[in-house]
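Here's a quick walk through one model, starting with the sheet and ending at the ligand. Keep the viewer open while you read.

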Amino acid sequence: MIRAFVVGHPIAHSRSPLIHGHWLAAFGIDGRYERIDVAPSAFPAFLRDLREQGLAGGNVTIPHKEAAFALVDVLTPRAARIGAVNTLFFSEDGRLTGDNTDAPGFIAHLDQSLGRDWPSRGDGSAVVLGAGGAARAIVVGLLERGIARVAVANRTPERALGLVALDPARVRAIAWDELPAALAPAGLLVNTTSLGMAGHPPLVLDVAALGSEAAVADIVYAPLETPLLAAARARGLDAVDGLGMLLHQAVPGFARWFGRTPSVTPALRERILADLAPS
Ligand code: NAP
């Protein structure tokens with residue numbers, strides 16, 4: 001039996017076992033995907049002993065993404081650029097390899113939701129709210145996918161400057177009060193902050209500043225329909241929710257560990273939505 005995992009601390013909230021369990025059942029694979037709670041002090045030993053524990057690889061979540069980045073034998077170029085690892089697998093020569101699938105996961109969801117020509121909407125630029133770990137992966141994904149320019153607005157300006165360093169010719173940091181001017185020509189707005197998430201403050205932003213071609217994406221998925229997405233829809237703009245990123249980022253890991261490439265289907269989405277619904 002092939003075994004994979006998601007490791008975090010805490011980990012009880014993770015939906016990853018549901019996603020991978022759905023695909024294992026769909027393919028009829030003799031495999032298991034389990035939650036493993038590991039405290040930060042025990043994480044290096046956990047990684048060192050993966051093989052002995054019979055694990056083929058797995059996902060890494062909060063608070064271990066940066067530690068995994070530092071501890072693996074080899075990084076994929078994308079993980080090296082993002083500075084964090086969310087997927088572990090063994091290379092053919094047996095080296096523990098760290099990848100980051102948040103970027104392709106976000107982009108795959110945009111492609112599926114908007115069609116592949118979304119980078120040419122508006123003047124080809126995107127506005128990203130937030131500069132945390134998810135924002136870094138998303139900016140890398142947008143740059144790789146060919147978006148012309150990215151403007152990053154963040155509460156803590158120094159963190160936004162860290163994203164500018166990814167590609168100073170195409171990424172700039174802007175102040176929150178510069179948003180209306182940046183939004184007017186943009187083809188895409190992405191919220192990567194935790195604002196709008198259940199239990200967090202709301203995101204206060206007027207989508208009236210956006211052009212009529214623009215799409216709005218929110219990576220918060222609890223609630224699924226954030227006030228930002230509702231406002232975008234009310235204006236007749238395309239709105240892209242956060243659940244798709246969570247589902248699509250799981251695809252490359254499953255393919256590595258279990259040898260089959262799964263699809264993100266409406267049935268999978270419904271299954272996770274049912275689990276997210278308040279009981
Ligand atoms: P993070 O590294 O902690 O970054 C949090 C971001 O939110 C930072 O830019 C932070 O600004 C901003 N922020 C937090 N509270 C704020 C406030 N009161 N006012 C203004 N800005 C505030 O977290 P992350 O890993 O990037 O995750 C961010 C969000 O994305 C979370 O809601 C997470 O659940 C979601 N997420 C979704 C997916 C998915 O698959 N859909 C994947 C990853 C993350 P400062 O820099 O100023 O603190």
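How many bridges join E10 to E11, and which way do the two strands run? There are 4 bridges, and E10 and E11 run parallel. Keep in mind that this is a predicted model.

## The sheet

Zooming out, 6 strands make up an open sheet, ordered E9-E8-E7-E10-E11-E12, with parallel pairing. E9 (171-174) and E12 (238-240) sit at the edges with a single partner strand each, so one side of each has no neighbour in the sheet. From one strand to the next, the twist averages 20°.

Now for some of the pairings. Strand E7 (residues 125-129) is joined to strand E8 (residues 149-153) by 5 bridges, and the two run parallel. Ser125 has Arg149 as its bridge partner in E8. E7 is also joined to E10, by 4 bridges and again in parallel, with Ala126 partnered by Leu188 in E10. Over in E11, Asp218 is the bridge partner of Asn191.

E10 is covered on both faces. Leu188 and Val190 are buried on one side, while Leu189 and Asn191 are buried on the other.

Helix H9 (residues 227-234) lies across E10, E11 and E12, and runs at about 165° to E11.

## A histidine in H10

His248 belongs to helix H10 (residues 243-248). Is His248 buried or exposed? The cut-off for buried is under 20% relative accessible area, and His248 has 10% relative accessibility, so His248 counts as buried.

What is His248 in contact with, leaving aside neighbours within four places in sequence? The list is Gly105, Ala108, His109, Gln112 and Val264.

## Around the ligand

The ligand has 20 residues around it, and those that come nearest are Ala134, Asn154, Arg155, Thr156 and Gly242. For Thr156, a polar side-chain atom lies 2.5 Å from a ligand oxygen atom. Arg159 has a side-chain N or O atom 2.9 Å from an oxygen atom of the ligand. Gly242 uses its backbone instead: a polar atom there is 2.9 Å from a nitrogen atom of the ligand.

As for overall cover, the ligand on its own has 930 Å² of accessible area, and the protein covers 76% of that.

Key:
Residues numbered from 1 in each chain as written. Predicted model: local features only at pLDDT ≥ 70, side-chain atom pairs only at ≥ 80, totals over all residues. Heavy atoms only, no water. Pairing = 2+ DSSP bridges. Axes fitted to C-alpha atoms, helices over the stretch in contact; angles between N-to-C directions. Contact = heavy atoms within 4.5 Å. Buried < 20%, exposed > 50% of the residue type's maximum accessible area, 1.4 Å probe, protein only. Near = heavy atom within 4 Å. Polar contact = N/O pair within 3.5 Å; in protein donor to acceptor, adjacent residues only side chain to side chain. Areas by Shrake-Rupley, 256 points an atom, 1.4 Å probe, with all protein chains shown as cover.
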